Amino acid sequence: MSVGHDDVVRWVRAFADEVAEHKDFLTELDSAIGDADHGINMNRGMTAVVGKLDGLADADIAATMKTIGMTLVSTVGGAGGPLYGTLFLQFGTSTAGKERLELADWAAMIAAGVDGVRARGKAEPGDKTMLDALSPARDTLTEAAADGSTLGTALAAAASAAEAGMKATIPLVARKGRASYLGERSAGHQDPGATSSWMLMRTAAETLADG
Amino acid sequence: MKKLINDPENVVREALAGVTLAHPDLVRVNIDPHYVVRADAPVQGKVALVSGGGSGHEPMHGGFVGRGMLDAACPGEVFTSPTPDQMEAATKAVDGGAGVVHIVKNYTGDVMNFEMAAELCRSEGTDVESVLVDDDVAVQDSLYTAGRRGVGTTVLMEKIGGAAAEERRPLKEVADICRKVNDNGRSMGMALTSCTVPAAGKPTFELGDDEMEIGIGIHGEPGRERMKVKPVHDIVGLMATPIVEDLPFSSGDRVLAFVNGMGGTPLIELYVVFNELASFLDGRGITISRNLIGSYITSLEMQGCSITLLKLDDELTALWDAPVRTAALRWGV
């Protein structure tokens, strides 16, 4: 089982819808410990991405991922722009030349994205950032690939791992980003970046469940 | 939310349109990507200064574009860092062949976006030096935070660095002057009220009628400590003590004292703050040899203020006194 270019586009559209629907929720999370713009910025970026998807019907997966990354870099701003931009740019590099993505490709793609985000943001898991959702998802996909499970099952497990990672950010004290200025006061709040990253993994599981 | 706006989505664009109409003698404005450059850019043979950050801090940075200060400013959405393509376009528009200094306030988003922009500019052969501003003593500088925020010292760096560039000093020297300003400047801010990001529609944090927040940044992010409002005499002590102890500023020092309004505080209160600050510093033997009082680095309509002290020597004093002609700061010309 594997996913092709059309499936990737469906996933990205679903993520854009999810961000649009929960824009206010993401911004509310951000106003507790950041600067109240995460939902607004991600929605602006994903709206711009959706505007480009129609023109990408003939592109391959890697080219589409790179276009998404560059669009996010130039429209999101804040910290989310370079981080989500880098994530998708790395997805593009990792999927170069592939017409379809098998589970092993997904594991490699998410791993490349996580490495890119770590390097750009100089953050580690446990710092209360999007990595806290993405790293467990990567680990789950890597293990699933080794176990020979199906892509659909693996993506569902990865989404659950991302959700657990997101919830685990609640008691954490932020060490990166604007939330870190709050020190101990950042504890008790769910990280907005980890939340949008969970949405990314959840929409992958939902739209690609047949994979 | 009550604001003088049409549509929250269009605030930045419509404000830039206003700037274009108001100051054609000083600046040119480019829309998509958004940037403001001095009217005579690029100035051949002069190091160019490019700064940028989220909107909502006016007059910073667009109001500081002009002779003797910035060559370009990149405004992002309200409280949101501008993007690398904006910064790259602005850098190219002002590059006069002597290199470009990027003035970056230490916020995660600004740092990452400017980092990507500098990579893009260098890959196309433009010499870029990045200078970080991180002067906010309210934030503990440790491995466990994103580091100190860039606040009031940014304004002083843009003025002093701009004067050094105007003297046709080389890139490395202009960047080092900027770093010297950062090394000798310290700030602290406080809020009496929150502020409302137009696109969010409600205040970023809640603050009771009798409360104040000490150690705030410039993005409506909460500070480190909340307490009952006190007389300004006490508030100035709460802010100035950690500033003075941090550098440290000591007896015999000459300083530039910058009392900044956060956007919603009247000038009369800023002068009350300055009066308290002057007696606080006098008590420690510190001389105020230059001052700046007004709302220059703001947080939308927030009530409150910040205090910045910059330790001066003859070089910094001369560069501060040098002529400047921008929408928000203008003397000597």
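Which residue in β2(B) is the bridge partner of B:R28? The views below, taken from a predicted model, begin with that pairing; local features need pLDDT of at least 70, side-chain atom pairs count only at pLDDT 80 or more, and totals for chains, interfaces and linings use all residues. Residues are numbered from 1 along each chain as its sequence is written, and chains are lettered from A, with ligands numbered from 1, in the order in which they are written.

**View 1. Strands β1(B) and β2(B) run antiparallel.** B:V37 is the bridge partner of B:R28 in β2(B). Four bridges join β1(B) to β2(B), residues 35–38. Strands (E, at least two residues) and helices (H or I, at least four) are DSSP runs, numbered from the N terminus. Strands of a sheet pair through backbone hydrogen bonds, either parallel or antiparallel.

**View 2. An open sheet of six strands lies in chain B.** The strand order is β1-β2-β4-β3-β5-β6, and the pairing is mixed; two strands pair if DSSP finds at least two bridges between them. β1 (27–30) and β6 (128–133) of chain B are the edge strands, each pairing on one side only. On average, neighbouring strands of this sheet are turned by 20° against each other, direction ignored.

**View 3. Helices α3(B) and α4(B) lie across strands of chain B.** α3(B) lies across β3 (48–55), β5 (100–105) and β6 of chain B, at about 165° to β5(B). α4(B) lies across β3, β5 and β6 of chain B, at about 170° to β5(B). Axes are lines fitted to C-alpha atoms, for helices over the stretch in contact, and angles run from 0 to 180 degrees between N-to-C directions.

**View 4. Helices α2(B) and α3(B) cross at roughly 45°.** The axes of α2 (residues 84–94) and α3 (residues 108–123) of chain B come within 8 Å. That angle makes α2(B) oblique to α3(B); angles under 35 degrees count as roughly parallel, over 145 as roughly antiparallel, 65 to 115 as roughly perpendicular and the rest as oblique. The crossing is right-handed, a term for the near helix being turned clockwise from the far one by less than a right angle, whereas anticlockwise is left-handed. B:P84, B:M87, B:E88 and B:T91 of α2(B) meet residues of α3(B) that include B:F114, B:M116 and B:L120. Residues are in contact if their C-beta atoms, placed from the backbone, lie within 7 Å.

**View 5. Helices α4(B) and α5(B) pack at an angle of about 150°.** Their axes are 9 Å apart. This angle makes α4(B) roughly antiparallel to α5(B), and the crossing of α4(B) and α5(B) is right-handed. Among the residues that meet are B:L156, B:I160 and B:A164 in α4(B), with B:V174, B:I177 and B:V181 in α5(B). The contact comprises nine nonpolar, three polar and one charged residues. Ala, Val, Leu, Ile, Met, Phe, Trp, Tyr, Cys and Pro count as nonpolar, Asp, Glu, Lys and Arg as charged, and the others, Gly among them, as polar.

**View 6. Two domains of chain B meet.** The assignment gives domain 1 (12–19 + 27–183) and domain 2 (185–320) of chain B, with bounds from an automatic or database domain assignment. In this contact, 26 residues of domain 1 face 32 residues of domain 2 of chain B. α4(B) supplies the largest share of the domain 1 side, eight residues.
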